[in-house]
Amino acid sequence: QLLARRVESDEARELTELIESEVARLTELIDRLLSPQPARAHEPLNIHVVLERVLRLAESDAGWAVKLVRDYDPSLPELPGDADRLTQVFINLISNARKYCDASRPELRIAVRQRAGRVTVDFIDNGKGIPKDAQSLIFEKFARLTDANRAGGAGLGLAICREIMTNLGGSVAYLPGQGGAAFRVTVPLRLERMAA
C-alpha cells in the first residue's frame, strides 16, 4: 500500500495492485487452513480472466523466460467456481511447468476447451515429461521429483491442486504421451454437479 502511493507509471501501479491482491488472497488462504470454515458459495467466473491474472503474476517474476502459447476458446460461457482456489491451482501448475521446461528454449502451452459439460485447461510444457515409474506418485503429499535440471520442492503443490479440484467438484490429472509434462484441470460448467 505504501509502495502504491509512490509509483507513477501505469505498469508499476498495476503490479503493486497485483501484489496487494495476492497478499490478501494468500492471507485468506492461510486463515482458511488454520481455521477451517464452511465452503464459500460459488460465483460466476471467466476462466480466461483467472488464467491471465496468474500469467501476469508469473511474467512479473524477475526470472521468467518461458514462451507462453495461449490456445483459448473465446466462446466459453462463465462457470460457477471459486476464483481464489482456481488461482492457487493454476499458480502451482505453472510453477511446476516452469521447472520442467526445456532449459534452452522453455515453452508452456495452455489450452482451454469445453468438453461434455465441462471446461478443461491443459498445461503442457516442452520438457522431458515425468518418468513412468513416478507418474503414480505425483499427487501424493511430499512426493519429490528431482533431476539434474530441476530443484526439488516440498512435494505439496500437486497434492494441493488435487485437493482443491476435488472440493470444487472437478479434477486434475497427468496426461502421459504429450511430449513434455502435461496436466489437465477439469471444471464442471454446472453448479449442481459441483461439491458443496
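Two strands count as paired if DSSP finds at least two bridges between them. I keep that in mind for these entries on a predicted model.

**Entry: the hairpin.** I looked up β4 and β5 next. They form a hairpin with 2 residues between them. A116 sits in the turn and has a positive phi of about 50 degrees. Strand β4 covers residues 107–115 and runs antiparallel to β5, joined by 8 bridges. Across this pairing, I110 stands opposite F123 in β5.

**Entry: strand β5.** Is β5 mostly covered or mostly open? I found 7 of its 8 residues buried, so it is mostly covered, with buried meaning under 20% relative accessible area. The strand spans residues 118–125. It also pairs with β7 (residues 182–188), antiparallel, over 7 bridges. There R118 stands opposite P188 in β7.

**Entry: the sheet.** I traced the strand order as β2-β4-β5-β7-β6. This is an open sheet of 5 strands with mixed pairing. The edge strands are β2 (67–71) and β6 (171–174), each pairing on one side only. From one strand to the next, the twist averages 15 degrees.

Entry: I checked β2 against β4 and found parallel pairing over 5 bridges. K67 stands opposite E107 in β4. Helix α4 (residues 83–100) packs on the sheet and touches β4, β5, β6 and β7. Its direction makes about 25 degrees with that of β5.

**Entry: cysteines.** How many disulfides does the whole structure hold? My search found 0. I also looked up burial. C101 counts as buried because its relative accessibility is 10%, under the 20% cut-off. C161 is buried too, at 0%.

Conventions: Residues numbered from 1 in each chain as written. Predicted model: local features only at pLDDT ≥ 70, side-chain atom pairs only at ≥ 80, totals over all residues. Heavy atoms only, no water. Disulfide = S-S within 2.5 Å. Buried < 20%, exposed > 50% of the residue type's maximum accessible area, 1.4 Å probe, protein only. Helix = DSSP H or I, 4+ residues; strand = E, 2+ residues; numbered from the N terminus. Axes fitted to C-alpha atoms, helices over the stretch in contact; angles between N-to-C directions. Contact = heavy atoms within 4.5 Å.
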